[in-house]
Amino acid sequence: MDAWSGPGHLDRCESKRLDADWITASWADPSALLLSVDVSGRVGVGADLAIAEVRPDGKYDPQRHYLLGLSAGRPVFVESAEVENGAGLRELMPVLADADRELVVAAVALVQWHRTSPHCGLCGALTLVTAGGMVRHCPSCGRDRFPRSDPAIIVAVLDADDRLLLGHQAVWPAGRMSVLAGFVSAGESLEQAVHREVGEETGLRLSAVRYVASQPWPFPRSLMLGFVAWAVDTEIQVDGVEIESARWFTRDELTAAVDAGEVGLPSEASIAHRLVADWRWGTLRVPGAGQ
Ligand SMILES: [Zn+2]
């Protein structure tokens with residue numbers, strides 16, 4: 001099971017976080033931890049990219065200090081601040097243990113949401129942080145707003161010969177290739193988004209689309225929903241705008257291209273990496289697609 005497919009390690013304390021006294025006591029807890037995330041989403045770390053062991057100091061400020069929850073019984077807060085030794089999530093996600101990975105991803109996602117959502121989307125008034133950082137309340141119209149994610153699909157497209165489709169985006173460095181991805185549009189189902197994105201970017205039609213797994217991807221606030229799909233045909237017509245080129249790979253062809261340095265695959269932190277790895281290991285299947 002991959003890191004994101006089981007139950008979470010972080011107790012997000014949904015009911016306790018409404019108790020201001022409990023949050024204040026948690027802030028004063030000698031075991032409490034305070035994470036820092038800077039404006040570019042970098043997290044304060046110590047040696048060997050371990051999360052910096054910083055204790056909350058001074059008075060608890062509900063507008064600045066957000067409670068992530070309890071991690072192994074330990075209260076963990078996050079604040080938006082300059083960090084001296086910072087590391088980005090792409091660097092941290094592959095090296096941290098599951099519980100710590102979850103903490104830094106939640107920390108970056110929450111801080112970025114607060115930073116970009118100070119005003120009420122309905123009436124424009126300045127909102128106040130409540131519920132230990134999980135709600136922004138509008139004192140003018142009374143509306144509560146919650147941290148949000150933008151759903152995006154990512155899909156490994158296979159053909160009848162079990163080849164994998166990889167595309168190269170115009171904005172990427174030369175040689176970098178990955179499975180196709182795109183944001184879900186308004187009023188669209190995930191499956192419809194998969195059909196549309198693959199159609200727009202490569203002209204391919206799909207006969208089966210099945211969900212595989214998901215992963216938070218706070219760059220700045222995506223939730224990646226991973227699919228595997230079966231192509232009806234194999235003739236590729238790239239859109240030339242987002243996708244510059246695309247091609248089918250057998251496992252041997254991909255291994256040879258990677259070994260020769262002609263193709264660079266997605267970083268280990270990403271669900272794209274997992275989809276490609278599952279296909280290379282022969283464990284990615286399209287149920288009901290005749291495999
Ligand atoms: Zn309002």
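**Domain layout, cores and backbone features of a predicted model**

The protein chain is divided into domain 1 (10-145) and domain 2 (150-280), with bounds that come from an automatic or database domain assignment. The model is predicted: local features need pLDDT of at least 70 and side-chain atom pairs count only at pLDDT 80 or more, while totals for chains, interfaces and linings use all residues. Residues are numbered from 1 along each chain as its sequence is written.

The chain has 6 helices and 15 strands; helices (H or I, at least four residues) and strands (E, at least two) are DSSP runs, numbered from the N terminus. Taken along the principal axes, the C-alpha atoms fill a box of roughly 60 × 45 × 35 Å. Of the 291 residues, 34% are buried. A residue is termed buried if 20 or more other C-beta atoms lie within 10 Å of its own, exposed if 12 or fewer, and partly exposed in between, with C-beta atoms placed from the backbone. Among contacts with a separation of 6 or more, 66% are between residues 24 or more positions apart; a contact requires C-beta atoms, placed from the backbone, within 7 Å.

The centres of domain 1 and domain 2, taken over C-alpha atoms, are separated by 32 Å. In the contact between them, 9 residues of domain 1 meet 7 residues of domain 2. On the domain 1 side, helix H2 (89-92) and helix H3 (98-116) are the elements that give two or more residues, and H3 gives the most, with 5 residues. This side divides into 7 nonpolar, 1 polar and 1 charged residues, where Ala, Val, Leu, Ile, Met, Phe, Trp, Tyr, Cys and Pro count as nonpolar, Asp, Glu, Lys and Arg as charged, and the others, Gly among them, as polar.

A nonpolar core is a set of buried Ala, Val, Leu, Ile, Met, Phe, Trp, Tyr and Cys residues joined through C-beta atoms within 7 Å. The largest has 40 residues, of which Val-155, Ala-156, Val-157, Val-179, Ala-229 and Leu-275 touch the most other members. Elements giving two or more residues to this core include strand E10 (150-158), strand E14 (222-231) and helix H6 (271-280). The largest share, 7 residues, comes from E14. Not counting residues up to four places away in sequence, Leu-275 touches Ile-154, Ala-156, Val-179, Val-212, Gly-226 and Leu-284. Another core, of 28 residues, lies apart from the largest one and has Ile-51, Tyr-66, Leu-103 and Ala-109 among its members.

Strand E14 is largely enclosed by the rest of the structure, because 8 of its 10 residues are buried. Strands pair if DSSP finds at least two bridges between them. E14 pairs with E10 in the parallel sense over 9 bridges, and with E13 in the antiparallel sense over 10 bridges. Leu-225 in E14 is the bridge partner of Ile-153 and also stands opposite Ser-214. A hairpin of 4 residues joins E13 to E14. Pro-220 is placed in the loop between these two strands, and a cis peptide bond with omega of about 5° joins Phe-219 to Pro-220.

Most residues other than glycine have a negative phi, and most peptide bonds are trans. Cys-13, not a glycine, has a positive phi of about 55°. Cys-13 lies in the loop between strand E1 (10-11) and helix H1 (20-28) and counts as buried, with 20 C-beta neighbours inside 10 Å. Asp-162, also not a glycine, has a positive phi of about 60°. Asp-162 is found in the loop between E10 and E11 and is partly exposed, with 14 other C-beta atoms within 10 Å.

Note on methods:
Contact = placed C-beta atoms within 7 Å.
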